[in-house]
Amino acid sequence: MEEPNTKRRRFLGVLTGVLMAFIGLLVAIPAVGYFLAPFRRKPGLESPGAEFQNAGPLQHIPIGAWHLLTLEVVHEDGWKKAKTRHGIWVRREADEKVVVLSSICPHLGCPVNWNPGRSAFLCPCHGGVFGADGNKIDGPPPRAMDHLESQVQGGHLWVKWQDFKIGVAESVPVSA
Amino acid sequence: MQTGQEQPPQPGFWEHRTGWMLLRKLLFLEPLPGGSRWAAAFGSLLLFSFVLQVVTGILLSMNYAPAIATAWPSVKFIQNEVSLGAFIRAVHHWGSSAMVILLLVHLVQVFVWGAYKKPRELTWMVGVLLLCCVLGLAFTGYLLPWDQKAYWATKVGLGIASTVPIVGDDLRTLLQGGPQMGNLTLTRFFTIHTFLLPGLLILLVVVHLYLFRLHGVTPAPWESAALHKAQEEPFWPGQVLKDGVVWLVFLVGLGLWCYYWPAPLEEQADPSQPYEARPEWYFMFYFRILRYFDGPLEVVGTFVLPLVFFLLLFLWPFLDRNPHRDPRRRPLAMGLLSLGSCGLIGLTIFAIVTDVRMTEPVQAAAKTAAQKAEPAGPIQRADVAKIYQTNCAACHGIDGSGKHIRAGMPSIPDFTSMAWQMSKTDLEITHRIQDGDEPLMPAFRDKLSQPEMLALAIYVRAFASGPTEAEALAPIKPPAAPGASQMSPTQIYRAYCLACHDADGRGQTAHKAMPGLPDFADPKWQSAHTDGEFKLAILNGKGKFMPPMKDKLGPEDANKMVVYMRAFGGGKQVVKIEHEHPFVPPALEGPGVESAPKESAKTAVRLRAATGLYRQYCLVCHGSDGRGQEMRASMPVIPDFTNPALQKQVSNPQLATYILDGKGTLMPSFRGRVNDEQAQDLVAYVRAFRPASADTPVAPTGDFDKRFRELQNQWNELDKQLKKLSAPK
C-alpha cells in the first residue's frame with residue numbers, strides 16, 4: 001500500500017531520530033560525568049581530619065566541666081586549602097584524661113549546646129537531649145553524641161576531627 | 001471601505017518582515033470564554049512575582065561572589081554599600097516568601113474550582129512540578145548569604161537529604177559538591193539557584209501556559225457552556241488591565257514592606273559556634289514535625305511523608321474520581337483540603353509560638369552568675385590586682401609581658417609593648433576579656449562582672465604607662481622593643497605606613513606631596529598589581545618616596561602586609577586611631593623618655609603621648625633620631641632636627657603651624673589628626689632633638705624632661721603674647 005516515497009521518508013525519519021539521540025548522548029555523557037565529579041576524588045588526597053589537631057593547652061580547662069573548644073582543620077576545599085573551624089565539647093576528667101565529643105547532633109546536624117541548668121546537652125533544633133556523658137536521654141536523635149579521638153601531648157590537647165553519618169543508630173565515620 | 005474590511009489589509013513594513021500580527025493575535029487577542037475576571041489574575045500575578053525575582057536576582061548576582069571567603073562579605077557589601085542594594089536584596093528575599101504564599105493560594109484556588117479535572121490534569125501536574133521548583137529555589141537561595149542561619153539551615157537540609165534510603169549519602173555528596181560543606185557547595189547551590197532551576201521553571205511555565213491556553217479558562221460550575229461562550233472577550237486589554245491592577249497592588253505592597261523590613265543578615269557562618277538553626281517560616285511546620293519521629297522512624301518524617309504528600313498532590317487529578325467540579329458536590333476533596341490547610345496553618349502557628357530558643361535560659365544563667373560575682377562596693381585597686389593575679393597572671397605573667405609562656409604560646413600579647421597597646425582600643429581589650437579568643441584565651445563573661453572586666457582592662461593598660469603595684473612586687477627590666485614579626489599587621493601599619501597612606505589606605509593627606517601615592521581602596525589599582533609586586537615594593541621600596549622596609553620587616557611580615565593592604569580594597573578597612581588618648585608606654589628610641597623623672601607625672605603623660613604621635617606620623621620621614629636621613633635622598637629639603645642652627649631659625653608657633661597646616665609640597669597637613677594641644681607637645685618633642693650644646697650631637701637623656709618643661713613654658717608664654725596681640729582692644 002505504501003508508496004516507496006513514504007517508506008523512504010519513514011526510514012529517514014527513524015535514521016534522523018537515532019542521529020539526534022546519539023548527538024544528545026554525546027552532549028549528555030560528559031555533562032553528567034562533570035556533574036558527578038564529587039564522587040571521584042583525586043588520588044593521594046588527604047582526607048580532612050586524618051591527623052590530630054592541636055586544640056590548645058589543657059591547663060585552662062577546668063576539671064569536671066564541659067567546655068566548648070574550637071578545632072581548626074585544614075582541608076582541601078575546592079580550589080584551595082581552607083581552614084574550617086569545628087566546635088568540640090571537652091571535659092577534663094583528670095589531669096590528662098579528657099573526653100571529647102563532636103558538637104554536631106547525630107539527628108540532623110545542628111550544633112548541640114551544653115545547658116548547665118539542666119546538666120544536659122540540648123539540640124536547639126529538634127529537641128534532642130543528651131546526658132552529661134553524651135548519651136541520648138530524649139528526643140529524636142538515633143544515638144549518643146559522637147566521641148572524637150584525642151590525646152594529650154606536652155600539656156596540649158590534640159583531637160582528630162571526624163564527621164559522622166547522621167540519622168543512623170551506629171556511629172559511622174563519613175569517609176572523606 | 002466595505003471591500004477593505006473583507007480583504008485583509010496590506011501588510012505594512014514591519015508586518016511584512018516580522019509577521020507580528022500573527023504573534024499579536026496568538027499572544028494578546030486570544031478570546032477568553034467567559035470574559036476577563038479578577039479571579040484569573042492570581043496565576044499571572046505569580047508569573048509577575050517570578051519575573052520580579054529574576055530581575056532582582058540578576059541585579060544581586062552582579063555584586064555577589066559565591067565562595068566561602070567572599071559570599072558573606074559581598075552580601076554585606078550589597079546590604080551596606082551598594083546604592084539601593086539593601087532594597088533590591090529585600091525585594092528578592094521577601095519576594096520569595098510572597099511567591100510561596102501566592103503559589104499556595106493559586107493551588108487552593110485551582111483545587112476549589114476543580115480546574116484540575118479532565119482535560120486539565122496535565123496543567124495541574126506541571127503546576128505541582130513548578131511548586132517543587134520554587135521550593136528548590138527557596139532552599140538553594142537560603143544558603144547563598146553564607147551567614148550562620150544559612151549555614152545551619154542548609155546543614156540540616158542536607159542532613160535530611162542524606163536520610164533518603166539507599167541513595168541518601170550520594171545525594172548529599174552530589175548537592176554538597178564534596179564530603180563536607182564548603183566552596184563547592186556554594187558554587188553548586190549558586191548554579192542550581194541561578195541557572196538550573198530558573199531554566200527548568202521557565203520551561204515548565206511555558207508548558208503550563210500553553211496547556212492553559214489550549215484548554216482555556218475553567219468556567220465556573222454554575223455557568224453554562226453557552227453563557228460562557230457568549231461572554232467571550234479577547235485577552236487584551238480587559239484581562240491584562242485587571243492583571244496590571246493586581247500587579248501594581250502587589251508591587252506597592254511588597255515595596256512598602258521591603259522599605260520597612262530589610263532582609264536579615266546574620267554573622268558570617270562559623271561551624272564552631274553554637275547556633276539555633278531555624279528554617280524559613282514556611283518550613284516551620286515541617287521542622288516541628290521532625291521532632292516527632294524518633295530514631296529508626298526518622299526516615300518516615302524526612303522522606304516518606306514528604307514523598308507521599310507530593311505524590312498525592314501530583315497524581316491528585318487521577319485519584320479524584322468525582323466527576324463534578326462544583327465544590328458543593330465534592331465533600332471528600334473539600335474535606336481533605338480544609339483538613340490539610342487547617343493542619344498546615346495550625347502546625348505552622350503552633351511551631352512558631354512554641355519555638356523556645358535555648359539562648360534564653362543560658363543567658364539567664366550567665367546573668368545570675370555575673371551578679372554573684374559582683375562585689376558590693378566599688379572595686380579597689382588592690383582588688384583588681386588580686387583579680388589579675390588569680391585569673392590572668394598564670395599566662396600573662398605578673399609583669400604582663402607573658403614572656404615566660406611565649407615559647408609555648410607564641411600569640412600571647414606583651415602588655416608592656418607599646419605596639420600592642422597602640423593597636424588595641426579599650427573596647428577591644430574589654431571584649432577580649434569578656435568573650436575570650438578560643439582556644440587559648442578563655443572567656444571570662446561568666447566568671448567576672450562587667451565592672452571587674454573594665455577594671456582589668458584599665459589594669460592591663462597600666463602595664464605600659466608606668467610601674468604598677470604588680471611590677472613593684474616583682475621589678476623587671478623594660479622589655480625589648482618588639483621585633484616587627486611579633487607585631488600584628490595593624491601594628492606594623494600604624495608604625496610604618498599610616499603616616500603617608502592614611503587610616504583608610506587612600507593616602508589623601510600626603511597625596512599632594514607625593515602624586516604617585518596609590519589609593520589602596522581603589523579596586524582598579526588593586527587588581528592592576530600582583531601580590532609579588534606589592535611584596536617587592538614593601539621590601540625594596542618604590543619610586544621616590546616609598547622607603548625600603550627590609551631592615552624592619554621580614555619576608556613573612558611583607559606577606560602579611562600585602563594581605564592587610566589588599567583588605568583596604570573598596571574602602572572596607574579603616575585603621576582605628578585614638579585621637580583623644582594616644583596611649584604610649586615608655587618610648588624605646590628617639591629622645592630618651594624612659595628616664596624621665598617621676599615627679600613630673602603630668603608632663604610625662606603628655607610626653608608619652610607626643611612620643612606616640614611622633615612615631616605614628618613623623619617617624620617614617622623624620623626618623624627615630626629626628627635627622628630624616630632615610631628620606632633625604634628623595635626629599636632633599638627634609639630638616640635635621642638635631643641641627644641647632646636649623647632649630648634656631650624656626651619659632652615654636654611656626655613649627656606648630658607647619659605640623660597643623662603642612663609645609664611646602666612634601667610635609668602634609670596634620671590638622672584633624674592632631675589637635676592644637678598635641679601639636680604643641682609635638683613641637684616640644686621636636687625641640688628636644690636639639691642637642692644641649694652644639695658639640696654634643698645627641699642630648700643627654702637625663703635633662704630631657706627638664707628641657708621639655710622649659711620649652712612648654714616658653715610656648716605658653718609665646719601663646720599668651722600672641723593672644724594679647726591678636727585680641728581686639
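A salt bridge is taken here as a side-chain nitrogen of Lys or Arg within 4 Å of a carboxyl oxygen of Asp or Glu. The model is predicted, so local features need pLDDT of at least 70 and side-chain atom pairs count only at pLDDT 80 or more, while totals for chains, interfaces and linings use all residues. Residues are numbered from 1 along each chain as its sequence is written, chains are lettered from A in the order in which they are written, and side-chain values use heavy atoms, with hydrogens and water left out.

**View 1. Interface of chain A and chain B.** Contact (heavy atoms within 4.5 Å) involves 48 residues of chain A and 50 residues of chain B. The two chains bury about 4,100 Å² between them, 62% of it on carbon and sulfur atoms; buried area is the accessible area (1.4 Å probe) lost by two parts on being put together, summed over both. Two salt bridges cross this interface. In a salt bridge between Lys165(A) and Asp169(B), the closest N and O atoms lie 3.1 Å apart. On the side of chain A that touches chain B, the elements giving two or more residues include helix 1 (4–35) and strand 3 (80–92); helices (H or I, at least four residues) and strands (E, at least two) are DSSP runs numbered from the N terminus.

**View 2. Helix 32 of chain B.** Because 10 of its 12 residues are buried, helix 32 is largely enclosed by the rest of the structure. Buried means under 20% relative accessible area, exposed over 50%, and partly exposed in between (1.4 Å probe, protein chains only). Among the buried residues are Asp681(B), Tyr685(B) and Arg687(B). At the helix start, a side-chain oxygen of Asn675(B) comes to within 3.2 Å of the backbone nitrogen of Glu677(B).

**View 3. Cis peptide bonds in chain B.** The bond from Lys118(B) to Pro119(B) is cis, with omega near 5°; Pro119(B) lies in the loop between helix 6 (85–113) and helix 7 (121–143). A cis bond also joins Trp236(B) to Pro237(B), with omega near -5°, and Pro237(B) belongs to helix 12 (residues 235–260).

**View 4. Positive phi in chain B.** Most residues other than glycine have a negative phi. Leu84(B), in the loop between helix 5 (71–80) and helix 6, has phi near 65° and counts as exposed at 61% relative accessibility. Ile166(B), in the loop between helix 8 (148–162) and helix 9 (168–176), has phi near 65° and is exposed at 86% relative accessibility.

How values were computed
Polar contact = N/O pair within 3.5 Å; in protein donor to acceptor, adjacent residues only side chain to side chain.
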